[in-house]
Amino acid sequence: MENTRNNSENNMSQHVGFYLKSAARYCLTVILFSLYLAGCVKIGPTEQTGASLASGESSTEVTQKSVYNINETAEQDNVRATLLSVTMSGGNDYWKPKNGYVYLICEFEIENGGQEEISVSSILSFCTYIDGEKRDLSLMAGVAYGEGTVDGTILPGETLRGAVGYEVPENWKKLEIHFTPDMMSKNAMVFSAKNSGAKG
């Protein structure tokens with residue numbers, strides 16, 4: 001009888017501990033997401049961005065960091081990131097953007113050159129602007145892309161490749177993406193591209 005009571009108490013303690021840990025993780029996620037939103041609002045788009053896909057200019061709003069274009073590699077705190085491509089898509093047979101819009105797929109490669117693992121989140125690590133207006137991540141764009149999002153843990157010396165997707169007006173002109181390797185920091189790598197086919 002005493003053994004049964006002890007087993008019950010142990011099981012109850014394990015369950016309570018599990019729920020406390022789950023609650024703590026949830027609270028931490030909410031806090032990080034709130035900090036991310038605050039960071040996006042405060043940073044805003046830079047005043048100057050790359051003039052074209054082949055050239056970049058220094059940024060005056062993001063702690064004097066450069067603005068990188070497609071296939072240019074940025075490095076911060078032993079993390080190297082490259083915007084590999086920016087592709088417009090009309091979706092697939094199941095997922096399509098609304099009329100007058102396209103899916104904008106931005107493919108990244110991120111390398112961890114440090115000694116500790118890092119975590120990358122397509123929601124928390126990226127803050128994106130189209131023509132100066134903040135755009136939220138489109139889950140449907142990611143599903144239509146079908147090659148995997150840029151989410152995961154990167155061990156030292158390893159590389160993560162994936163995409164973030166957005167639903168944007170088909171005549172968009174300027175894209176600017178702020179990638180923050182450390183979600184507790186407001187220092188961002190800034191990538192920019194222009195739509196050469198935009199009218200007006």
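The protein chain exposes about 11700 Å², and carbon and sulfur atoms supply 51% of that area, where accessible areas come from the Shrake-Rupley method with a 1.4 Å probe and, for residues, only the protein chains shown count as cover. This is a predicted model, in which local features need pLDDT of at least 70 and side-chain atom pairs count only at pLDDT 80 or more, while totals for chains, interfaces and linings use all residues. Residues are numbered from 1 along each chain as its sequence is written, and side-chain values use heavy atoms, with hydrogens and water left out.

Of the 200 residues in the protein chain, 34% are buried; buried means under 20% relative accessible area, exposed means over 50%, and partly exposed lies in between (1.4 Å probe, protein chains only). The protein chain holds two helices and 11 strands, which are DSSP runs numbered from the N terminus (helices are H or I with at least four residues, strands are E with at least two). Read from the N terminus on, these elements follow the pattern α-β-β-β-β-β-β-β-α-β-β-β-β. Among contacts with a separation of 6 or more in the protein chain, 66% are between residues 24 or more positions apart, a contact being heavy atoms within 4.5 Å.

Leaving aside residues up to four places away in sequence, Arg 80 touches Thr 73, Ala 74, Glu 75, Glu 109, Ile 110, Glu 111 and Gly 113. Although Arg 80 and Thr 159 are 79 residues apart along the chain, their C-alpha atoms are separated by 9.3 Å.

Another open sheet consists of five strands in the order β1-β11-β10-β6-β7, and its pairing is mixed. Its edge strands are β1 (67–68) and β7 (133–135), each of which pairs on one side only. Strand β10 (residues 174–179) and strand β11 (residues 189–194) run antiparallel and are joined by six bridges, with Met 189 in β11 as the bridge partner of Phe 179.

Strand β6 (residues 126–130) includes Thr 128, which counts as buried at 1% relative accessibility. Not counting residues up to four places away in sequence, Thr 128 touches Glu 133, Lys 134, Arg 135, Tyr 166, Leu 175, Glu 176 and Ile 177. Of these, Glu 176 is 48 residues from Thr 128 in sequence, yet the two are 5.8 Å apart in space, C-alpha to C-alpha.

Lastly, there is the loop between β3 and β4 (101–112), where Tyr 94 is found. Tyr 94 is exposed, with a relative accessible area of 71%.

Key
Two strands pair if DSSP finds at least two bridges between them.
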